[in-house]
Each structure stands twice: as C-alpha cells, then as structure tokens.
Amino acid sequence: MGLFDKKYCDVCGNKIGLLGNHKLANGNLCKDCNAQLSPWLTGRKQMTVQDIIAHLNYRAENARVLEMFQETRVVGTNMQVHIDDVHGWLFFTRSTDWRKANPDVLRFDQITGADYQIHEYEHQTAVEVENVAPPPAEPPVPPAPAADAFGRPLDEYGRPLDEYGRPLDEYGRPLDEYGRPVPPPPGPAGRPTPPPPPPR
Ligand SMILES: [Zn+2]
C-alpha cells in the first residue's frame, strides 16, 4: 500500500483522483458520489459504504419527489424556502437551479419548530445638487394683448389700459383693483383743488 496507490470508489467503482477521495468508515467515496450527498448529511467519515448507498437511494427518490413539486410560494431572498401547498412539501435552497441542486424535500408535518428573525433595511439616495440637470425652460410667454382702436393695449378682460397700466371703463375712466372708477387726481402739487370762491 504505497502513498500513490490508485483508489476506487466503493459505491460507483470509478477511479478516484489524487485529491478526490472522501473517506468512509470502511471504504472510499469519489467526488462525484460525494457531490450527490445531502448538504445536511453529517458524520460521513463514520458512515459505512452500505450507509452511503442507502443515503444515495434516498437522494434519488428525493429527485423524483422534486419532479412532482408544485411551487406555490417562495419566501426569502438568499436562502429561500420553496413551498408546495398542493402536496404540503417544502425545501430550502440558495440555488436558482434547484432541480439540479436536489435540495431535501420536507413534509409540513416534519417541521417541529421555527425561530423567527426580522431584518429591516432602509435605503436612502443622496443627490448631488450640482449635478442636477437644469429645470426645463419656462413655457413661452403668451403674446401681448391686442391694442384697441386708439392703440392702447388691452388687459386680459379686453379693457384698454392707460399709461399707468390701469384698466379703463367704457367712459375712459381708470379703474382701481376692485373695478371701481378711480377718483380724479388732486390738483397741482398734490393738493385738493380748492373750491371756487363764493360769489360776492
Ligand atoms: Zn463514486
């Protein structure tokens, strides 16, 4: 028995490469057979060749069960729980190609307990103001109102405007913001026009 003696898998009979051996209690297992073991299997080195053959038969049956799996719900993001409410089955996997990964299918009644963890995430987006695109251009200014027969511009109600921008009524009197005629302007220097002197 030299260090580099060729080893053969005691399950499938294939030659085992230099670094491909997985020891069993009473034999050797190749890496291809080892890859078919359940990821939940522990204590492989203490298992016999017969234990492994029985386990691989279970794994082949599990693959047949997966072909009947009718996925109705998926929970989780990385490690996902895939649920078949029709059959009452579920399995856990990180693989997106779960038919190839052959995850162990459990019946609902095999679940005896669960721990819950709630993860919350917040996401904020910071925007650099300097890099924000300029706002869209102002809408075009509507054309100036048309003028009346005297060349005076008209306001939005079609009333002519005087030189101070005040609308005028139909008698040519300027109107205040309430639409009332503005009193005539005071006399020179801002003083009220004095009443005419009483007759003698
Ligand atoms: Zn093998």
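**Contacts, cores and strands**

Me: Leaving aside neighbours within four places in sequence, which residues is Cys9 in contact with?

Reply: This is a predicted model, so keep that in mind throughout. Contact here goes by C-beta atoms lying within 7 Å. Skip the neighbours within four places in sequence, and the partners of Cys9 are Asn14, Ile16, Asn28, Leu29, Cys30 and Cys33.

Me: And which residues form the largest nonpolar core?

Reply: Nonpolar side chains tend to be buried together in soluble globular proteins. In this chain, the largest such core has seven residues. Its members are Cys9, Val11, Leu24, Leu29, Cys30, Met47 and Ile52.

Me: Which residues does the second core include?

Reply: That core is separate and has five residues. Among them are Leu66, Trp89, Phe91 and Val105.

Me: What share of the chain is buried?

Reply: A residue counts as buried if 20 or more other C-beta atoms lie within 10 Å of its own. The chain has 200 residues, and the buried share of them is 8%.

Me: What pattern do the helices and strands follow along the sequence?

Reply: The chain has three helices and eight strands. Reading along the sequence, you get β-β-β-β-α-α-β-β-β-α-β.

Me: How many bridges link S6 and S7?

Reply: S6 covers residues 80–84 and pairs with S7 in the antiparallel sense. The two form a hairpin with four residues between them, and Gly88 in the turn has a positive phi of about 75°. The bridge count for S6 and S7 is five.

Note on methods: Residues numbered from 1 in each chain as written. Predicted model: local features only at pLDDT ≥ 70, side-chain atom pairs only at ≥ 80, totals over all residues. Buried ≥ 20, exposed ≤ 12 C-beta atoms within 10 Å, placed from the backbone. Pairing = 2+ DSSP bridges. Core = buried A, V, L, I, M, F, W, Y, C linked by C-beta atoms within 7 Å. Contact = placed C-beta atoms within 7 Å.
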